[in-house]
Amino acid sequence: MSDQYPPQDPNGQQPGGQPNPYGQPGQNGQPNQYAQPNPYGQPGSGQPQYGAPVPAGPGGEPPLWAPWYGISLPKAVKRFFTKYARFDGRASRSEYWWWVLANAIVLIVLYVILLAVIFSTGSTSTTTTATGVQASAGSTSPLIAIPIILFGLWWLGTLVPSLALGWRRLHDANLPGALWLIALVVGIVGIVFALLPSNPEGQRFDQPDRG
């Protein structure tokens, strides 16, 4: 009584010595047409192994397509601009919140510059009302345009990468990045999204081939 299937070579050879191009023997010695390469290099059925460790690149830094957990402030800022308009992949909570801190510092500095220009080139006045004494300041100096232009340039320069960062932060929680558009309308939603823990299944949003 013969076996139901022809014998298979342990090295993935088809009968007759022909190599199996997929590296996996299939039924009746035919190539397994459904086996796909595993992008994370994990053994298994060819599907991504969720929870696989993020690969390390040169200097121990994760590649750009991967999230960076435990990143520092300077590297988070550099990574923010390096991945300027990348909506694929994921961003860790540290990547997101370090950037929020850096952005807040820049905005505070610009605001201080604006106030300094106003008080140094303008005039102040006080008025007394039923609710108390109110002070106001204003300036007609052309110098006031400098901090205002800086505000505008900073906003334009960070608009797209900020949206992309929030998009990737949702991917890290295994949620569609388009949900971040809600955060643009309802600010508190963005805070909730940004605080979500990482979900290993968010690896489905990674694109390692982009580097």
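Which residues of α5 are buried? They are Gly190, Phe193 and Ala194, where buried means under 20% relative accessible area, exposed means over 50% and partly exposed lies in between, with a 1.4 Å probe and protein chains only. This is a predicted model, in which local features need pLDDT of at least 70 and side-chain atom pairs count only at pLDDT 80 or more, while totals for chains, interfaces and linings use all residues. Residues are numbered from 1 along each chain as its sequence is written, and side-chain values use heavy atoms, with hydrogens and water left out.

**Overall build**

- The protein chain has five helices and two strands; helices (H or I, at least four residues) and strands (E, at least two) are DSSP runs, numbered from the N terminus.
- Read from the N terminus, the order of the elements is α-α-β-β-α-α-α.
- The protein chain has 211 residues, and 30% of them are buried.
- Of the contacts in the protein chain with a separation of 6 or more, 53% are between residues 24 or more positions apart; a contact means heavy atoms within 4.5 Å.

- In α1 (residues 73-82), the buried residues are Ala76, Arg79 and Phe80.
- The packing partners of the buried residues of α1 are α2 and α3.
- In α5, the buried residues are Gly190, Phe193 and Ala194, and they cover an arc of only 95° around the axis, which puts them on the same side of α5.
- The buried residues of α5 pack against α2, α3 and α4.

**The largest pocket**

- The largest pocket holds about 500 Å³ of space.
- Pockets are found on a 1 Å grid over the protein atoms alone: a pocket is an open set of points where a 1.4 Å probe fits, with protein on both sides within 12 Å along at least five of seven lines, and lining residues have an atom within 4 Å of a point.
- Grid points are joined across faces, edges and corners, and the volume is the space filled by probe spheres set on the points.
- There are 20 residues in the lining of the largest pocket, and Tyr96, Trp99, Asn103, Ser162 and Leu184 lie nearest its centre.
- Two or more lining residues come from each of α2 (93-121), α3 (145-172), α4 (180-185) and α5 (187-195).
- The element that gives the most to this lining is α3, with eight residues.
- By type, the lining has 15 nonpolar residues, five polar and no charged; Ala, Val, Leu, Ile, Met, Phe, Trp, Tyr, Cys and Pro count as nonpolar, Asp, Glu, Lys and Arg as charged, and the others, Gly among them, as polar.

**Aromatic rings**

- A pair of aromatic rings is described by the distance of the centres and the angle of the planes.
- The structure holds nine aromatic pairs; rings of Phe, Tyr and Trp (its six-membered ring) pair if their centres lie within 6.5 Å, and planes under 30 degrees apart count as stacked, over 60 as edge-to-face and the rest as tilted.
- The ring centres of Tyr96 and Trp97 are 5.2 Å apart and the planes meet at 85°, so this pair is edge-to-face.
- Tyr96 is buried at 12% relative accessibility, whereas Trp97 is partly exposed at 32%.
- Phe80, Phe81, Trp99 and Trp154 form a cluster linked by ring pairs.

**Single residues**

- Leu107 is in helix α2 and is partly exposed, with a relative accessible area of 33%.
- Leaving aside residues up to four places away in sequence, Leu107 touches Phe151 and Trp154.
- Leu107 and Trp154 are 47 residues apart along the chain, and their C-alpha atoms are separated by 8.7 Å.
- Ser141 lies in the loop between β2 and α3 and is buried, with a relative accessible area of 15%.
- Pro142 lies in the loop between β2 (132-138) and α3 and is exposed, with a relative accessible area of 70%.
- Asn174, in the loop between α3 and α4, counts as buried at 15% relative accessibility.
- The phi of Asn174 is near 65°, a positive value in a residue other than glycine.
- Most residues other than glycine have a negative phi.

Conventions. The arc is that of the directions from the helix axis to the C-beta atoms.
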